[in-house]
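Morning, everyone. Please bring the structure up on your screens, and we'll walk through it together.

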Amino acid sequence: MRPVRLVMQAFGPYAGREVVDFGDAVAAGLFGIYGQTGAGKSTIFSAITFALFGSATKEEQATASLRSDHASLTDATVVEFIFDLAERRYMIIRSPDQPRPKRRGDGETWEAHEAHLFDVTGLTFAEIDAGARGTVIAEKKTGVVFAAVTELLGYGPRQFRQIVLLPQGKFETFLAANTKDRMEILRDLFDVSLFRRLTARFKTDADEAERDVRAQREACAARLKIEGFESTDALRLGVTDAGEIHAKRAEIEAARQKEERASAATLDAAKDLDGRFAEVAAAHATLKVLLQDKTEMDALAARIVRVEAARGALDREEAKAAAAKDKGSAEAARDAARQRSEHAASMRDAAAQAFDRERARDPEVQGLRRDLDDLRRHEKSIADASSAKRAADDAKTSETEIAAVRVAAEVARTALLEQRVRAKETLRLAQETEERRRGLDGELASARGALKAADSYVKAEADHQMAGQTVTRLEHARDAALAEVEAAKEAFDAAEARLSEMQALHLASKLATGEPCPVCGGTDHPSPATGQAEQAGLDAAFRGAKSRWGEKDQAAREAVNAHGGALGVLTERRRALDELDRPDRGIGELRDLVARRQGELDDLGAPAELGVLAGALDAFETKISAAEAERDRLRDAAALASTLAATSLARLEQMLTGVPGHLQNAEAIAAALVATGGSLHARTEARAQAETAERMSREASLSSEKDLEAADAALVRARERQAAAQGAFDARLEEVGLTVEAFESLKPLIAQIDVDREMVDGHRAKLAGAQEHLRQRQAAVEGRERPILAEIEQVHAVTAQGLRVATEERAEAQARLGHLERLLSDLSDVLRQLDEAEAATGPLRLLASQFDAGNSQRLDLETYAIGAMFDAVLDAANLRAGPMTDGRYKLEREAEGGGRGRKGLGIQVFDAYTGKSRSASTLSGGETFIAALALALGLADVVESASGKVRLDTVFIDEGFGSLDAENGAGTLDVVLRVLSNLTSVNRAVGLISHVPLVQEAIPHGFYVTKSGAGSTIETRRRA
């Protein structure tokens, strides 16, 4: 960063506007700022710091105190700073919180801190002074501007005071700082966040790997505990025991299976014989039903013969019915033709009378024709006067319209005058509102940022607390689940023991002396089980206990997994909480502050467009002038329209003489022509229609008489056909031997004759089949007795139940064996993988420990990296200190603590005169200044070289040269100034503040500050 120009107004001791042009001073490389004590030399540096970062050089100084006590209340405190950065030029304008007079009424109001940052590359000072601002980067909101400046420079205010501006009283801070403070300074200057993140990442990965292994080992132990084993060795013994139990239960199952198969074969044979007896009974029942229906079927067969005879006469009956229908149709047609003939004769007579009446009105038609001719002559007169009428009407309309427009124009002009008054007031109020809005925006942004940070911290704290509660709850749930598994396992073992006892009793009851045991095969039974075998519900109790054990076992596994997951969540939330800063104010207070500021902003409403409002006021002025000119023009036009209307009316009255008054307009004459013409057309049309109707009705009467004759002839032929059809039907009935009554009674049965025939034939076939079936079924059971199925089924049920119990016990033993074998295999694989994982993550955990200060020097990776940077700073500082001390002093890094103590960032001085190192605090005042100056210059060199973004083109030094002058005379001062001069000749400008005359003589370029009772002023100095 290279300063170009600084403008201060009402700032510190400067009451007016002071301009500091750094152009020549920076070009000279080494320049000074001189003046009396208290004149305001350091204020120039403070103004630069305030312009860039919104704070004074001294951190403890409030920005409100930067306002000049010499300035008038009407002069605002403003700092404008132009600086170059690489190839770009920037300008920042900033004003602090300050009072100003109220725009309305008496008293003062408070104006908020405000800042604006612009890119002014390519603009001259003249263009900037004329109001040019280039490109806006950030404006108004101080937080946004601060972030933009920090991003551009690559450092913030704290680093600025350490490597760019060395303020008065703070010059030796870095030299005298302890390891902790120096660590914070270097951490801010050098971006070592990569090493901090790397350390955190390694630690997180190592912790996660260790936590995963530990959690999986705990899960393995929990699975063993759930199964009732303390170790994998105990589990292997359990697998052996489970195999022996399974073998014994398989033998028992085989014996039960043999008994069940014999019982099942006996039951199947009994069921087959019982089924045959049931078939004999069913055959008897079927034959009995068929014999009961035989008489009915015989009667149905006789009726079928008579119905077949009736079906032979059915076609003659249909022919007779068709002939009767045709005769009825002919009679209806003859009656309709007679009615049409009579109606046509009536219509013919009426039409003749109507035509006679129309011929009698011929004189009326001649009169209408004469009236129509008169109206056409009047129409021509009206047409000749129409142009004059239009001119008169147009003149009158124009006169009326102009009068209305005059009234509207006057109303509009009055409204514009009122709007202009309101626009002036609106613009004034909007200007005051926008001033207030800018102040509130800055305060609201700051409050929202603080509230967001506080919300994040409170949420993280609540999440961590909730995660802790969840861990505690799940830990209790896990312990309870494990206890329930133990209880369920004990209940299962007890139920299994009771069931085994019952099965032993059942087997003992089946043993007989000399007969082999179904389990072991032995014929000697020395100690059979004794007691009552009828213990109802033992099997159900065993199954219930087993089911509950399985449910509790699954629940315990889920509880163990849930607890492990909750522990991971708690760790992550603790880490997230530790990364946040605790807020210094409560959320409620911050929300109230945000709400108050937001409420004040909301009360102000939407932002006003001041330029639009000012333009609207100017537009009202223009509109008012135009409205007054339009008012005068309309007054002249109204007088001309009145004269023209009177002239046109006189000419029209002259042209309409001789035309009846009620017909003296185009509408009336047109209506009369339409009415008279319509009447004439109506009379002519009515006569023609009456004549046509008379002719057509006469022709229709003749046609209807012919139709009536044809209908009479058709009726005679239909009656003859009906008589012939009746004779044919009577002959057919006589032929088949049926009367008309018999035919009618049999006719409904013709439709189902085929169904009846099939029913008779089917019954006869079923009867024969049933008799044969009964004979066969009786032969199958001849000489045999029907078995009692209930007794046989009861015996089979007992043997089947024994087999089910034995099968379930064998399946349970087999499942238990398989489960334990799988568990042993799974745990063996998991434990082997865990051993491999521990071996594989060993280097990671070792590195994580080394990075996190688990080394002989007790240094974490970030501190080690900062130490390396610090070594580079000391090397660069010694390049400056050597020439300034004639090679006597060399800055060294000091190990804090003896023996294996942690090596920190302490500074000690090696004295070539004594050949020993000593504390920097033992240096004299002048030596301390030289050491601090060398350290600051070395720090600036390393920071700039380490960061491609940070550019330290200019360094400012405030005081310290007086100690050189007082202690060693001009010799040491000359050496220091020579070093600084060499520094500027290479790549950097140096500005310093001093009241030492020898410094002023050696460095003539710069500025001189003069103080007075009205405030200080600045003048530029150059080499003569």
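Let's start with one residue. In which helix does Arg413 lie? The answer is α13, which covers residues 386-510. Keep in mind that this is a predicted model.

Next point on that residue. Is Arg413 buried or exposed? Its relative accessibility is 14%. Buried means under 20%. So Arg413 counts as buried. Who are its contacts? Set aside the neighbours within four places in sequence, and Arg413 touches Ala627, Glu628 and Arg631.

Now step back to the whole chain. The protein chain has 1024 residues, and 37% of them are buried. It holds 26 helices and 17 strands. Look at the contacts between residues at least 6 apart in sequence: 77% of those join residues at least 24 apart.

On to the sheet. How many strands does this open sheet have, and in what order? It has 6, and the order is β2-β1-β4-β5-β8-β9. The pairing is antiparallel. Find the edges. They are β2, residues 14-21, and β9, residues 135-140. Each has a single partner strand, so one side of each is left without a neighbour in the sheet. From one strand to the next, the twist averages 10 degrees.

Zoom in on one pair. Strand β4 is residues 78-85, and strand β5 is residues 88-95. They run antiparallel, joined by 7 bridges. One example: Ile82 has Met91 in β5 as its bridge partner.

Helices pack here too. Helix α4, residues 142-153, packs on the sheet. It touches β4, β5, β8 and β9. The direction of α4 makes about 40 degrees with that of β8, residues 114-119. Then there is helix α2, residues 41-53. Helix α2 lies across β1, β2, β4 and β5. It runs at about 100 degrees to β1, which is residues 2-11.

Last stop: a helix pair. Find α8, residues 193-227, and α22, residues 861-884. Their axes come within 8 Å. They cross at roughly 155 degrees. Over 145 counts as roughly antiparallel. Therefore α8 and α22 are roughly antiparallel to each other. Their crossing is right-handed.

Which residues in α8 and α22 meet? From α8, take Phe195, Arg196, Leu198 and Thr199. From α22, take Leu861, Glu862 and Ala865. The residues of this contact divide into 4 nonpolar, 1 polar and 2 charged.

Technical notes
Residues are numbered from 1 along each chain as its sequence is written. This is a predicted model: local features need pLDDT of at least 70, side-chain atom pairs count only at pLDDT 80 or more; totals for chains, interfaces and linings use all residues. Side-chain values use heavy atoms; hydrogens and water are left out. Two strands pair if DSSP finds at least two bridges between them. Helices (H or I, at least four residues) and strands (E, at least two) are DSSP runs, numbered from the N terminus. Axes are lines fitted to C-alpha atoms, for helices over the stretch in contact, and angles run from 0 to 180 degrees between N-to-C directions. Contact means heavy atoms within 4.5 Å. Angles under 35 degrees count as roughly parallel, over 145 as roughly antiparallel, 65 to 115 as roughly perpendicular and the rest as oblique. A crossing is left-handed if the near helix is turned anticlockwise from the far one by less than a right angle, and right-handed if clockwise. Ala, Val, Leu, Ile, Met, Phe, Trp, Tyr, Cys and Pro count as nonpolar, Asp, Glu, Lys and Arg as charged, and the others, Gly among them, as polar. Buried means under 20% relative accessible area, exposed over 50%, partly exposed in between (1.4 Å probe, protein chains only).
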